[in-house]
Amino acid sequence: MSTAGTGEARSSPRVIGEKVLRPRAQVEEKVRSMIFSGELRGGEKLPPEGELARQFGVSRTTVREALRSLATEGLISKTPGIKGGSFVQQVDYQSLGTLLRDSLHHRLQLGCLRPDELAMVRQYLEVPAARLAAEHRSATDLSTLRQIVARQKTISVDDPEVPDLDSRFHRTIAAASGNRVLAAFVHALHSETEPLHYLDLSPDVGRETVRQHQKIVKTIAAEDADAAEAAVVEHLSYLRAHLLPTDANDGRAQVPLPLADLPTGDRRLGGHSSTA
């Protein structure tokens, strides 16, 4: 037998298969794809759970779990009562952001995009988002931002809730901008780059970060677009100065953003600062 033949015989087969989705995930993905394709339109009522279970060949519990997940994403809403049911929502920035995030994630995994490219775009978008939020924010937006900051002040830097609160803070500002496309991109990019995971988050850095969040909220509440923009630039500049070393991250947050830098005990993020 020739050497070439032996090599072919011993070579591993090409892997093209992938794990089959669980029934719930299959139901979820099918309904989601129909919503994004426009086959299911905003306001349309879905068939009853029992009928969906029959169509998909799964249990009603499986359908119920899938619909609950889609409702969490903001793709459908569930209304109780005789005339209630599951209705397709108009696609908002959160569901669009989820679609963008998944697409970006796949391209990152394939090596089509670099993490630092996403991080730079995210930082660029957060500056105009804050400016627009100062011009268009609602009372609900302000209430949400204040609740997030209040929670940040009560927890320690090693609390597992910290990254999610930070992401919610920046996504809420983007949503308050009134531009759904901008909000969708910030939602997707913040979820995919996870900036706090690449920050040297000491108690002092945590407290200063929360004080900066408070300052951003105050400028947005005051409808001062210039001050809001400056506060976000100051915040991003501060974070850049406290990133982990390059060899401690994969490049998702180690990005030099060419914006002009502005002047800039207790383990609780908020500490005992009197800054409001």
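## Model confidence

This is a predicted model, and its chain has an average pLDDT of 81, with 82% of the residues scoring at least 70. Where pLDDT is low, the predicted coordinates should not be read in detail.

## Secondary structure and burial

Eleven helices and two strands make up the assigned elements of the chain. Their order along the sequence is α-α-α-α-β-β-α-α-α-α-α-α-α. Of the 276 residues, 40% count as buried.

## Packing of α3 and α4

Helix α3 spans residues 49-56 and helix α4 spans residues 60-72; their axes lie 8 Å apart and form an angle of about 110°. Angles of 65 to 115 degrees count as roughly perpendicular, so α3 and α4 are classed as roughly perpendicular to each other.

On the α3 side the contact is made by Glu49, Gly50, Leu52 and Ala53, and on the α4 side by Arg60, Val63, Arg64 and Leu67. Sorted by class, this contact has four nonpolar residues, one polar residue and three charged residues.

## Nonpolar cores

In soluble globular proteins, nonpolar side chains tend to be buried together. In this model the largest nonpolar core has 30 residues. Leu145, Phe169, Ile173, Leu199, Ile216, Ile220 and Val232 are those with the most contacts inside this core. At least two core residues come from each of α6 (115-136), α7 (139-152), α8 (162-176), α10 and α11. Helix α11 supplies the largest share, eight residues.

Val232, one of the residues with the most contacts inside the core, is in contact with Glu126, Val127, Ala130 and Ile216 when neighbours within four places in sequence are left aside.

## Backbone at Glu223

Most residues other than glycine have a negative phi. Glu223 is not a glycine, yet has a positive phi of about 60°. Glu223 is placed in the loop between α10 (203-221) and α11 (225-240).

Conventions:
Residues are numbered from 1 along each chain as its sequence is written. This is a predicted model: local features need pLDDT of at least 70, side-chain atom pairs count only at pLDDT 80 or more; totals for chains, interfaces and linings use all residues. Side-chain values use heavy atoms; hydrogens and water are left out. Axes are lines fitted to C-alpha atoms, for helices over the stretch in contact, and angles run from 0 to 180 degrees between N-to-C directions. Helices (H or I, at least four residues) and strands (E, at least two) are DSSP runs, numbered from the N terminus. Angles under 35 degrees count as roughly parallel, over 145 as roughly antiparallel, 65 to 115 as roughly perpendicular and the rest as oblique. Contact means heavy atoms within 4.5 Å. Ala, Val, Leu, Ile, Met, Phe, Trp, Tyr, Cys and Pro count as nonpolar, Asp, Glu, Lys and Arg as charged, and the others, Gly among them, as polar. pLDDT is the predictor's confidence in each residue, from 0 to 100. A nonpolar core is a set of buried Ala, Val, Leu, Ile, Met, Phe, Trp, Tyr and Cys residues joined through side-chain atoms within 4.5 Å. Buried means under 20% relative accessible area, exposed over 50%, partly exposed in between (1.4 Å probe, protein chains only).
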